[in-house]
Amino acid sequence: MAKRNNIINNIDWVLLSIFLLLMLIGWINIYGAVFDEVHPSIFDTSQRYGKQLLWIGGALFLAFLILSLDSKVFTYSAYIIYGVSLFALLVTIFVAREVNGARSWLEIGSFKIQPSEFAKFATSLALAKYLSTLQNLKANTGSLFELGYQVSRIFTGKAVFRLQYIDWKTQVAPMAIILVPMILILGQKDTGSALVYLAFIFVWYRAGFSGSILLIGFYLMVLAVLTLMVDADSVIAAVCTIALILYTIFIKDTLMAVILIGSIFLYYVLYFIFDWNSSITNYLFFAAIGIFFLANFALENVWRKFEKNFVLFSLVGSLMFIGSVQFLFDNVLQPHQKDRILVLFGKKEDIHGVGYQAHVAKIAIGSGGFAGNGLLEGIITKGNFVPEQGTDYIFCTVGEEWGFLGSTFVIILYLALILRIIFRAEKQRSNFTRIYGYCVASILFIHFMINIGMVIGLAPVIGIPLPFLSYGGSSLWAFTILLFLFVKFDSQRLEIL
Amino acid sequence: MNPTSDRQYVIVGIFSTLAIIFVFRLFYLQVINPEFQDKALNMGRKVVVEFPMRGTIYDRNGHIMAHNEIAYDLIVLPKEVKVDTFEFCKLLNIDTAEFNRRLKIAKTYPNAAYKESVFQELISVEDFARISEQLYRYKGFSAQRRNVRNYPKPSGAHVLGYMQKVSVNDKQRDEFYVNNDYIGRSGLEMYYEKDLRGVKGIKYLRRDRNNNIKGPYKEGTLDEKSAPGKDLYTSIDAVLQEYAEQLMQGKRGSIVAIDPSTGEVLCMVSAPTYNPNDLVGRYFSKNYDTIFNSPGQPLFFRSIAATQPPGSIVKTMQAAIAQQFGVANPNTRYPCNKSLVGCHDHPGPLNLPQSVQSSCNPYYYNLVKTILYAEKSGNEFTTIEHGLNRWEDVVRSFGMGNPLHIDLAGEKDGNVPDSREYNKTYGRGHWNYRTVYSLSIGQGEFALTPLQMTNLAVIIANKGKYYTPHVVKKVGDRELNYKDSVHVVKVESKYFDVVQDGMQWVIEERGGTAGRAKIDSLHYCGKTGTSQNPHGEDHSVFIAFAPRENPKIAISVYIENAGKGGLWAAPIASLVIEKYLRGQISRKELEEDMLKGVIKY
């Protein structure tokens, strides 16, 4: 039987090992990425690789500190920490100097810190605390979906707006906890860091909010991608996909649902993973789905089962969404952001201008081949072809110097880390620790998804770091705190009865 | 139990699916699609080729005949180009339209914006000195050192040969060559291409995003060292070559001189000729067209590629074969019966050496008839068929009808007819001696290259043997061994004495056909020939070797449409012989006549 107070016996050594391994891989690859022949020692603190060692030392100290403190310090002060971080974010907007178009660094003397990195664990703590105090989560299952349904009734004249449709406690407050820091970070013009907060969709979902939140989220994402990607075909895409969703929800024909979701997935795989994008395949695909649904709609008995209001709402909503995506793209996004999206979808192939980074990153990854070129042997890495290759593009170095084997190993490590956190979270008796665990796993996942997706050409260029690998003290320390708070809570799970 | 705990599997599923998609994508980028590895090398690695110096070509006395001059290719990397077009064009003496045209070529397949290609080739050292000072100001342009041929004396063009830019075919056949390389296209340059060209060096360098060189790629372990081409030491006497070319000015034809004791070619002239310096470098194509289109086909290497009926010079060979076949001896006489074949006036009947001296056509009509009927074989037709083939076999042993395999590109084989050839033309049994008699006096289907004519002189000089004629004695440090290349003809040595007697009388006795070729106090042998040709005046032919004892030079001179051999060919041959043996000419008047002589074409 494990002793309650012995931290050594209770901490999760798997998480600790993966954490140490990722930091080591990061350090070695930063050495490979920004190697300077004048300073060949990996311990040379005038170089980034030497400095990273200092950051790693600091991270270890932070981890030790968290593990030795009482976890109640964090649970009790969750809202205070959250408040402080919101304040820091707000201050940053006004005092920060602009770097690469964003105002996200707070400078105190020679010390530089990025509050948005630390706001992630603060928001996680606050959200976990708030959600774990809600008593009747079960009763509110589907609350977001319910909200949407009521809005549609109001729009179609079937109902009038009443305030009691909105449950402030379960619907508005949890969203506000996330939206406030997100908006503040957007105020810093740091789109990438703001996007990370989408991670909390997974937390909501696991905490008991309607399942349609993931479905709708995925649906909207697909819609947005298709709108930007296929342009004129986007309406067809919308109609097909709406029909698909309705079909899966109302008809409850599992086989058909699997076939349709499968075909959308297959299409996506062909399009992105194998760079297979011709307009003919687009038209064929959409035409096939359209014919399929027309045939189904024609069957009277199928049609009767639809809730007409809902169909109408979804259709109008989808079309409005498509319109607003196009509007957002045309009028709100900054030129460089537009370019990044155009480059991702192959609509702009300016490999010497805006498309350069995405182009050269793919080349660097591809250059590694199966087994990689070896440490300090990456020809693209050594020629400094990849901008930001020590920080956001560190995975290029992994790909080029360690090849398919090395980069797959790193992907497996991340997946193992994330799944281990979920596994430990599910073991918790405390709602708080479980929800916090999901926050950690989701945030790590979003970083992993956006960063590596960007490097291998599956996501637009969004500058966020790769956890534990990218160079930089702020992000390393923030991720260490994020992770080790969970390790600490997890080690004390037996104390909660 | 938490009511929504099943949802963990949905989340785990989504996370895992994405990781799997990433692994598939990585597999595609890193393992399936090789394009990125090529692009990475193109991007991060600069390949610097070190062009080796081509081998120098020397004459037999160590004079340089062909060597190299340094020139520079202006290289462009289109994606880097940032220049003030106006200034840059002024520097290169081109206009803006031309600048844009070249840049466009550099960007289109097989070139590409990210690949280097040649913008202007082979800029001379003088011009480049002016450009190189400014070059640093023009981003995207760099220089590559090349070398081009230079010929100190504008002679020996055909023997040396010319070089041309490689074709697509050349590049496919031999991966040594890349765009803008040059390859030997004729003469020695072509025959010894692989020795002359040397070994290219390749340096792989790492470069960074700004195209700065960062150091060797893989510590230089993949680099290849260049090695200069091998020098050629030829047997050509450059002074003699130049003199012979002067003698051939205003005439068309060939002079080939060989040292009979070794087979070494002393000079080889094909007229009209051209200045080899004209077919070099960037003006090649312009000059090539001019030379190609000028009268008399200056690019045609007559010495080894022009096949003509040799005319009476083969009577020397017929006289030797007749003795070998036992159908004649030195005292065999035939009357000059002009009803058989035309002849000039001379005393008669003649014996064998006198027939050579006077070049009596009816004599050889009769003599070769006895050769062809020497062995009875069935009926009259099969006898001549057999006789002709027997004769043809011996003639081929004289190096006729096949290439002599001289070390020059483009040698022709000539023609020695056998019975099959006549059977094909006339049908079996439908031809007889009247059909083939012109072979006896070196006309008809009989055809030789000037080189083969000289070789006949070599064989008579050596009394029945010759060495494979060759131009190069030594390649780099390697001496070429031609001692073992001795060919012995199917006529015994002793039968050549009478032939030599006759040939000496050709020059020295009254009634000889080449009295103008006499050289004071030098006993040597020669034979005139007149090659009939359907297109105009007869070709003037002469073969000789000198001195008679211990011959040092064998020569053939053939001049198109210049009439009888004694008129032009023999005196010119005698001048070359005198020049070679004595270094100077005593017969100034004759020399002047020959130098100034112009044949109208």
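How many salt bridges are counted between chain B and chain A? The count is one, where a salt bridge means a side-chain nitrogen of Lys or Arg within 4 Å of a carboxyl oxygen of Asp or Glu. The pair in question is Glu37(A) and Arg206(B), whose side chains meet at 3.2 Å, N to O.

Some ground rules before we go on. This is a predicted model, in which local features need pLDDT of at least 70 and side-chain atom pairs count only at pLDDT 80 or more, while totals for chains, interfaces and linings use all residues. Residues are numbered from 1 along each chain as its sequence is written, chains are lettered from A and ligands numbered from 1 in the order in which they are written, and side-chain values use heavy atoms, with hydrogens and water left out.

**Where the chains touch**

Let's stay with the interface. Chain A puts 60 residues into the contact and chain B puts in 42; contact here means heavy atoms within 4.5 Å. About 4,500 Å² is buried between the two chains, and carbon and sulfur atoms give 72% of that area. Buried area is the accessible area (1.4 Å probe) that two parts lose on being put together, summed over both.

Eleven residue pairs, both at pLDDT 80 or more, are in polar contact across the interface. That term stands for a pair of N or O atoms within 3.5 Å; within protein, one must be able to donate a hydrogen and the other to accept it, and residues adjacent in sequence count only if both atoms are side-chain atoms. On the side of chain B that touches chain A, the elements giving two or more residues are helix 1 (7-32), helix 2 (35-44) and strand 8 (201-207) of chain B. Helices (H or I, at least four residues) and strands (E, at least two) are DSSP runs, numbered from the N terminus. Helix 1 of chain B has the largest share of that side, with 22 residues.

**Empty space**

Rolling a probe the size of a water molecule over the atoms shows where empty space is left. On a 1 Å grid over the protein atoms alone, a cavity is a set of points where a 1.4 Å probe fits but cannot get out, and a pocket is an open set with protein on both sides within 12 Å along at least five of seven lines; lining residues have an atom within 4 Å of a point. Grid points are joined across faces, edges and corners, and a volume is the space filled by probe spheres set on the points.

The whole structure has four cavities of 30 Å³ or more. The largest cavity holds about 360 Å³, and among its 23 lining residues Arg54(B), Arg146(B), Asn147(B), Met163(B) and Tyr182(B) lie nearest its centre. Strand 5 (141-150) and helix 9 of chain B each give two or more residues to this lining, and strand 5 of chain B gives the most, four.

The second largest pocket has about 1,800 Å³ of space. Its lining counts 50 residues, and the closest to its centre are Glu116(B), Ser117(B), Val118(B), Asn179(B) and Asn180(B).

**Local details**

Over all chains, the salt bridges come to 45. One of them joins the side chains of Asp174(B) and Arg197(B) at 2.9 Å, N to O. These two residues are 23 residues apart, so to speak in distant parts of the chain.

| Residues joined | Omega |
|---|---|
| Ala271(B) and Pro272(B) | about 0° |
| Ala546(B) and Pro547(B) | about -15° |

Pro272(B) sits in the loop between strand 12 (264-271) and helix 11 (284-293) of chain B. Pro547(B) is in the loop between strand 18 (539-546) and strand 19 (553-559) of chain B.
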